[in-house]
Amino acid sequence: MPANTPTPAGEPPRPNGPLRSPGGGRGTPGAAVREVAVPEVAVPEVAVPQEAVAPLIRGIAVLQELTAAGGTMSLSGLERATGLARSTVDRITVTLARMGHVRLDGRDAVLAPPVMELGNSYLAALRLPALLGGRADELADELDESVSLAVADRDGIRFIHQATRRRAMSLSFRIGDLLPAERTAPGPLFATEWTDADWTRWRTRRTTDPDGGDFPALPPRAPDATLEQDFARRADQAARDGWALDDQLIEPGLVAVSVPVRHPGTSRIACVASVVSHTSRRTAEDLRAALLPRLREAADAMQRALHESAPPQPTSPPSPLALWTGASKQELGREFIESLARGLTVLTAFDEGRSELTLTEAARATGLARATTRRALITYEHLGLVTRSPTGAFSLTPRVLALGFPPLSRTTLPRIATPHLKALTELIQESTSLAVLTPSGDEIRCTAGAQSRHVMSVAIEPGTHLPAPDTAAGRLLLEDSPHTLVDEQWEEGLRALAVPVHDRTGRTIAALTMTTHAARRTPEECERDLLPHLRTTAARIESDLHMTSRFTRVPLT
């Protein structure tokens with residue numbers, strides 16, 4: 001059962017945050033940092049390897065800053081945050097936009113669903129979300145409490161699955177969020193397996209970042225001189241008890257109890273399962289007394305699932321992108337950074353059945369030259385995004401999830417569709433909308449839309465309910481047909497054409513509709529001129545939806 005293991009002894013310590021020096025400040029991405037002396041320890045920082053790809057380091061810095069900012073940041077803000085020249089930021093974002101990883105919206109760069117391919121590669125190679133996520137969901141339903149799965153990420157913990165309850169007071173952590181070990185329930189459990197080097201790394205980080213600024217998922221906290229001793233005590237207690245408790249360490253009111261799920265072969269911790277609640281529902285002691293026995297049973301069942309799981313079946317490797325990057329370079333010239341695009345492609349070589357790859361295997365999976373792949377892997381190893389085994393095989397680390405995954409892990413179908421609807425409306429100069437059936441099946445609900453600029457145009461606001469049998473979208477969803485055309489049946493003078501949007505299983509979940517005035521286009525012209533564009537847009541929405549929903553739940557509204 002392949003999965004990431006805790007940092008091996010002797011690995012050079014690095015900070016958890018996005019490309020920061022040990023002193024907590026931001027330096028030029030890729031620059032070597034001097035040795036920093038701290039109480040009790042002195043940790044030498046590792047210089048950038050000569051073969052590292054500088055544009056790739058800078059591109060990773062931009063993705064990390066966008067992630068920390070919640071998915072949207074102005075280009076000038078990226079310039080300030082990364083310390084890069086504005087011309088460099090412009091070239092990086094143009095390259096990322098060409099890859100589909102970001103959208104350029106005016107002066108802002110916005111993370112886009114295709115960037116989740118990077119995090120999906122890690123989660124698929126890890127296999128834990130696929131094998132255990134369903135059991136976590138069932139436990140959350142049974143207990144009516146939020147349940148999470150987390151893995152160790154150096155001296156922090158990173159979420160790989162979330163099953164949250166829909167309440168006014170609900171858990172806001174996302175898949176990919178990184179938390180400091182000392183402020184969580186899983187942290188002491190992971191710390192039971194720390195080496196001296198791991199504790200050194202933790203103390204260094206605590207000294208250089210005492211208020212937790214390197215963890216944007218949490219509000220800053222005033223430095224606490226007793227925290228180091230308290231965390232060591234909690235780790236010792238967790239080693240004795242086999243479980244750990246968080247009594248409002250993350251923030252006031254939040255409590256959690258955690259139990260490890262171990263690898264069947266090594267007995268090391270594969271991940272930690274946690275039940276999370278609020279003091280308005282349960283105290284920490286109530287949580288432990290009432291739910292710990294059931295959580296332990298669930299963790300045992302998860303361990304059996306790991307033991308009984310079939311060997312992973314290798315998936316098809318990504319299509320060779322060497323020709324695509326070359327063509328993009330030829331089209332965009334110096335604005336397209338080919339080394340950045342090829343470097344990011346290397347991360348997508350990993351997947352289920354490809355959790356560990358040799359240099360040759362990674363090059364073959366991507367179609368890139370061996371030398372290009374080697375330099376990218378050296379760069380990622382320096383940045384802590386990959387590790388290398390004693391045999392020379394490479395594997396992804398949880399840190400890959402910091403490349404755009406958290407902000408998009410809570411997205412919805414309307415958010416995914418809206419940019420595509422705007423682009424379609426701009427192209428065909430007609431109003432477009434997305435709709436789903438209501439639970440009763442009698443009505444459709446418009447969830448997103450884009451209005452054309454005609455003096456006489458159709459405006460259907462998101463949230464509008466319409467009778468399903470009278471609309472093109474409703475008829476399509478009721479009949480599950482390839483497309484439907486309604487000609488002045490809903491409203492005189494109004495024509496509407498709808499095509500389906502499918503989920504990863506092929507099930508029709510929404511309808512994409514174009515509406516126009518009968519005076520502008522005949523029914524034949526609608527089908528001949530507009531239907532191909534609707535189908536192309538529906539395919540783009542589906543592509544983004546399928547990428548986003550591989551390891552997350554995407555609400556339809």
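Ser267 sits in the loop between strand E10 and strand E11 (269-278), where strands (E, at least two residues) and helices (H or I, at least four) are DSSP runs numbered from the N terminus. The model is predicted, so local features need pLDDT of at least 70 and side-chain atom pairs count only at pLDDT 80 or more, while totals for chains, interfaces and linings use all residues. Residues are numbered from 1 along each chain as its sequence is written, and side-chain values use heavy atoms, with hydrogens and water left out.

**Positive phi in loops**

- Although Ser267 is not a glycine, its phi is positive, at about 65 degrees.
- With 46% relative accessibility, Ser267 counts as partly exposed, a class that lies between buried (under 20% relative accessible area) and exposed (over 50%), as judged with a 1.4 Å probe on protein chains only.
- Arg154, in the loop between strand E6 (146-153) and strand E7 (156-163), also has a positive phi, near 55 degrees, and at 11% relative accessibility Arg154 counts as buried.

**Two buried loop residues**

- Glu182 belongs to the loop between strand E8 (178-180) and helix H6 (186-191), and its relative accessible area of 2% makes it buried.
- The side chain of Glu182 makes a polar contact with the side chain of Trp202 at 2.8 Å; such a contact is a pair of N or O atoms within 3.5 Å, of which, within protein, one must be able to donate a hydrogen and the other to accept it, and residues adjacent in sequence count only if both atoms are side-chain atoms.
- Beyond its neighbours within four places in sequence, Glu182 is in contact (heavy atoms within 4.5 Å) with residues including Arg205, Leu227 and Phe231.
- Ile250 is placed in the loop between strand E9 (244-247) and strand E10 (254-262), and it is buried, with a relative accessible area of 7%.
- Ile250 and Pro219 are separated by 31 residues in sequence, and their C-alpha atoms are 8.6 Å apart in space.

**Helices H1 and H2**

- The axes of helix H1 (residues 54-68) and helix H2 (residues 75-82) come within 10 Å and cross at roughly 110 degrees, the axes being lines fitted to C-alpha atoms over the stretch in contact and the angles running from 0 to 180 degrees between N-to-C directions.
- The contact is made by Ala61, Val62, Glu65 and Leu66 of H1 together with Leu78, Ala81 and Thr82 of H2.

**Cysteines**

- The structure holds zero disulfides, a disulfide being a pair of cysteine sulfur atoms within 2.5 Å.
- Cys271 is buried at a relative accessible area of 0%, and Cys526 counts as buried at 0% relative accessibility.
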